[in-house]
Amino acid sequence: MMNDYVYTPLENPSSQIRLLTISCRRSEFRQGRLYEPLIGRLSPNYIPGTEVAPTRRLFRGFRLPPFTALSYVWGDPTPSHELFIDGRRLLITANLHAALWRLHINNISDIIVWADAICIN
């Protein structure tokens, strides 16, 4: 039996967000069919603060990586597809799964996504 994903609390929720990285596995897209599951990892990222000078932000690494933002609120709200995060299962909606697959197969490297259904616990 597969264990379900359990969110790890953010150290500082007012200044951090989670971003999902989905590993590039292009070999799994064959003949127009979507092969699941998607496999990824969630990582906390600090939001650059306006109270910190821009040069200090750059020096201290207060930058978010480029990412795509998705909202999952369309279509059937029933979680029906699997996403594996750090080896644990998280059920997501069919439409969110399809959107993540489309982003995944159109890239030649890992993709970074903020999806409210996944990145907010």
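Predicted model: local features only at pLDDT ≥ 70, side-chain atom pairs only at ≥ 80, totals over all residues.
**Entry 1: starting from Ile118**

I began with Ile118 and listed its contacts, skipping residues up to four places away in sequence: Ile118 touches Tyr7, Leu20, Leu42, Leu83, Ile85, Leu90, Ile92, Leu96 and Leu100. I take contact to mean heavy atoms within 4.5 Å.

Residues are numbered from 1 along each chain as its sequence is written, and side-chain values use heavy atoms, with hydrogens and water left out.

**Entry 2: the core around it**

Which residues touch the most other members of the largest nonpolar core? I found Leu20, Leu42, Leu83, Ile85, Leu90, Leu100 and Ile118, in a core of 21 residues. Such a core is a set of buried Ala, Val, Leu, Ile, Met, Phe, Trp, Tyr and Cys residues joined through side-chain atoms within 4.5 Å. For burial I use relative accessible area with a 1.4 Å probe and protein chains only: buried is under 20%, exposed is over 50%, and partly exposed is in between.

Two or more residues of this core come from each of β1, β2, β4, β5, α2, β6 and α3 (116–119). Helix α2 gives the largest share, five residues.

**Entry 3: the layout**

I then stepped back to the whole protein. I counted three helices and six strands, and from the N terminus they run β-β-α-β-β-β-α-β-α. These are DSSP runs numbered from the N terminus, with helices (H or I) of at least four residues and strands (E) of at least two.

The six strands make an open sheet with mixed pairing, in the order β3-β6-β1-β2-β4-β5. Strands pair here if DSSP finds at least two bridges between them. At the edges I see β3 (68–70) and β5 (88–93), each pairing on one side only. From one strand to the next the twist averages 40°.

Helix α2 (residues 94–105) lies across β1 (16–22), β2 (38–46), β3, β4 (79–85), β5 and β6, and runs at about 105° to β5. Axes are lines fitted to C-alpha atoms, for helices over the stretch in contact, with angles from 0 to 180 degrees between N-to-C directions.

**Entry 4: strand β6 and its partners**

I looked at both sides of β6. With β3, strand β6 (residues 111–115) pairs in the parallel sense over three bridges; Thr68 stands opposite Val113, and Ala69 opposite Trp114. With β1, β6 runs antiparallel, joined by three bridges, and Ile22 stands opposite Ile111.

Which residues of β6 are on the covered face? They are Ile111, Val113 and Ala115, while Ile112 and Trp114 make up the uncovered face. In a regular strand the side chains alternate between the two faces of the sheet.

**Entry 5: the β4–β5 hairpin**

Strands β4 and β5 pair in the antiparallel sense over six bridges, and Phe84 stands opposite Arg89 in β5. Two residues lie between the strands of this hairpin, and Asp86 takes a positive phi near 50°.

Is Asp86 buried or exposed? Asp86 is exposed, with a relative accessible area of 51%. Leaving aside neighbours within four places in sequence, I still find Asp86 in contact with Tyr5, Gly40, Arg41 and Leu42.

**Entry 6: two tyrosines**

I searched for aromatic pairs, meaning rings of Phe, Tyr and Trp (its six-membered ring) with centres within 6.5 Å; planes under 30 degrees apart are stacked, over 60 edge-to-face, the rest tilted. The count comes to one. Tyr5 and Tyr7 form this edge-to-face pair, 5.2 Å centre to centre with 90° between the planes. Tyr5 is buried, at 14% relative accessible area.

**Entry 7: Ile47**

Ile47 counts as partly exposed, at 36% relative accessibility. Beyond residues up to four places away in sequence, Ile47 touches Ser15, Gln16 and Ile17. Ile47 and Leu64 are 17 residues apart in sequence, and 6.7 Å apart C-alpha to C-alpha.

**Entry 8: totals**

Of the 121 residues, 32% count as buried. Of the contacts with a separation of 6 or more, 65% are between residues 24 or more positions apart.
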